[in-house]
Amino acid sequence: MAARLSPSSVIYYLHKESRNPRKALSFFQWASHQGFQHTTESTSTIVHILANARMLVEAQSLMQNLIAGKFSDSPTLSAVIDNLADTNKNWEFTKVVCDMIINIYSHARMTSEALDILDKMQNQGLVPTINTCNVLLNALVKTSKIDVAWRIFEEFFREKILPDVYTFSMMIGVCCKEGNLQRGRELFGEMEERGCVPNVVTYTTLIDGFCKVGNIDEAKKLFERMMERGLAPNEFTYTSLIDGHCKRGFMQEGLRLHEEMMHKGIAPNLFTYNSLIDAHCKVGNLAEAFDLFHDMQAKGVIRNVVTYNALIAGLCRVGRLKGACKYLKKMVAVGLVPNIVTFNTLIHGYCKEGNLRRAESFLAQMKIRGLTPNVITYNSLIHGFCKAGKLQDAVVVLEEMQERGLAPTDVTYTSLIDAYCKENNMEEAFKLQNYMEETGLKPNVITYSALINGFCKGGRMKDANKLFNVMRGKWMEPNDVTYNTMIYGYYKEGNTYRAYRLLREMIDNGMVPNIASYSVVIEILCKEGKSLEANELLKEMVKFGMNPCSATYTATFEAQLQGS
């Protein structure tokens, strides 16, 4: 039968059955099964018949099959559109079919093809429906073609189509993802000016955006405005606010919002639990974190890798590394796959403890699982080896890092510089600092503090002071570590004036010297018979909640006796 089917005979049969669209569709499909290769004209004809009969679901299904290649050597949808435009003068009909095809391409993430159809519509003076434009916009955003999405938004929604709440919410979401909250706020204002009422999704999107950039005040204002408009926040709204407050250190407000959420009968979701667990772990409230972890199971909320990673990080932070390993095993037992964050956390934890062999074993496990170590992995190991005084091992890790094409960061160089300074190898330390700057990285306060410490330990206070001034000349404020290091260096040199002056400068800049700095300055003041100044510093120590040692009290007391 397929041999007797010709393009003209197929089109004849289709036209003959045009008043019976289902029969026409059955014939079209039958012909395909018989091996007939449909032409652009035959495909256009059946689409025309189905669309005219308002059998849009069937027409859409047919066109989806064309895209999926279920008809061998089938024409492209673009060719079908061209044929329909040439043979059909019912523009409303053509618009319906074009809308349908743009929807099909957009859902298939074939945005280039969808844009081609949109251009054809424009050339014919046709404007797609708001729903079609929204579907296309969504596909462009999902495929990261943000510039094109903005162009479509500006061309169509500003000139030809009135945007709806979905359009605005989607583009506000794009602004938030790009971190451009000002533009997002402007779109929100434009939305209201046009009489388009923001919904819960719109508010939540913008609230989440402000929370992610740390602007909690603006997020709270939007939340209050949302409530005033009678819109009920959902679990996503509360989760954004809880996460935002907790990440900014406002733990109590985050917990209050959680209580409010529960009181309103809004069940926390996975992200809510993860935010709260992570926040509790970061401040050492492990008991509360585990309560939430167990509550998740009771409420039927499935834990994910992020949940376990938060607990593992919390346990590592307080030195409970065996417990962290226990939860790694539990994580694997429930079918979850540890990721790079999991291994980096454990490697960092063991490096911090000084158990470098165990840290290296996790690096090996990581590689076995097919995970590629990143800059964080290597920085943890380099810092661990440097801290343990194993500089050569640290250099070996650095070489592996570079072999993998990873560029060292300021953290990498600072760890190595500090290690060289502790070995009194200032020449190598400065070589690294110079190389660091040549690669475009700027030494930070910690880098300078390490170099200053190296000079102080070597008794080179003139060089330390010169570097201290260079640091300040670069508008880099010394931190408490820098000051304490310099004070101790001047103490060893016996330079009372400079040690005392730096201590006073430190306090004036809002920093609190450590016990060692206070003690050594008090000691040298007492030796020089400056009992009043020594006694003043002793009182300051107590005021700041420090407990001076008996030697400090004795030195001050004896200095007062000698002065009386």
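Mentor: Begin with accessibility: a residue is buried under 20% relative accessible area, exposed over 50%, and partly exposed in between (1.4 Å probe, protein chains only). This is a predicted model, in which local features need pLDDT of at least 70 and side-chain atom pairs count only at pLDDT 80 or more, while totals for chains, interfaces and linings use all residues. Residues are numbered from 1 along each chain as its sequence is written, and side-chain values use heavy atoms, with hydrogens and water left out.

Trainee: Into which class does Asn355 fall?

Mentor: Asn355 has 29% relative accessibility, so it counts as partly exposed.

Trainee: Where is Asn355 placed?

Mentor: Helices (H or I, at least four residues) and strands (E, at least two) are DSSP runs, numbered from the N terminus. Asn355 sits in the loop between H20 and helix H21 (356–368). A polar atom of the Asn355 side chain lies 3.2 Å from the backbone nitrogen of Arg358. Between the C-alpha atoms of Asn355 and Lys462 there are 38 Å, with 107 residues separating the two along the chain.

Trainee: What is Glu353 in contact with, leaving aside its neighbours within four places in sequence?

Mentor: Contact means heavy atoms within 4.5 Å. With those neighbours set aside, Glu353 is in contact with Gly319 and Leu321. Glu353 belongs to helix H20 (residues 340–353).

Trainee: Is Thr111 buried or exposed?

Mentor: Thr111 counts as buried, because its relative accessibility is 1%. Helix H7 (residues 111–123) contains Thr111. Apart from neighbours within four places in sequence, Thr111 is in contact with Ala139, Leu140, Thr143 and Lys145.

Trainee: Which side chain makes a polar contact with the side chain of Thr111?

Mentor: A polar contact is a pair of N or O atoms within 3.5 Å; within protein, one must be able to donate a hydrogen and the other to accept it, and residues adjacent in sequence count only if both atoms are side-chain atoms. For the side chain of Thr111, the partner is the side chain of Lys145, at 2.5 Å.

Trainee: What should I look for in phi?

Mentor: Most residues other than glycine have a negative phi. Ser144 has a positive phi, near 65°, and is not a glycine. Ser144 is in the loop between helix H8 (130–142) and helix H9 (146–157), and it is exposed at 61% relative accessibility. Trp475, also not a glycine, has a positive phi of about 55°. Trp475 lies in the loop between helix H27 (461–473) and helix H28 (480–493), and its relative accessible area of 82% makes it exposed.

Trainee: How do I read a pair of helices?

Mentor: Axes are lines fitted to C-alpha atoms, for helices over the stretch in contact, and angles run from 0 to 180 degrees between N-to-C directions. Angles under 35 degrees count as roughly parallel, over 145 as roughly antiparallel, 65 to 115 as roughly perpendicular and the rest as oblique. The axes of helix H12 (residues 200–212) and helix H14 (residues 235–247) cross at roughly 10° and come within 9 Å. H12 is therefore roughly parallel to H14. On the H12 side the contact is made by Val200, Thr204, Ile207, Asp208 and Cys211, and on the H14 side by Phe236, Thr237, Ser240, Leu241 and Gly244.

Trainee: How do H24 and H26 cross?

Mentor: Their axes cross at roughly 5° and come within 8 Å, H26 being residues 445–457. That makes H24 and H26 roughly parallel to each other. Residues making this contact include Ile417 of H24 and Leu451 of H26.

Trainee: Which residues touch the most other members of the largest nonpolar core?

Mentor: A nonpolar core is a set of buried Ala, Val, Leu, Ile, Met, Phe, Trp, Tyr and Cys residues joined through side-chain atoms within 4.5 Å. The largest one has 170 residues, and Ile46, Ile207, Ile277, Ile417 and Met486 touch the most other members. Helix H6 (residues 91–107) gives this core its largest share, eight residues. Beyond its neighbours within four places in sequence, Ile46 is in contact with Leu14, Ala24, Leu25, Phe28 and Leu62.
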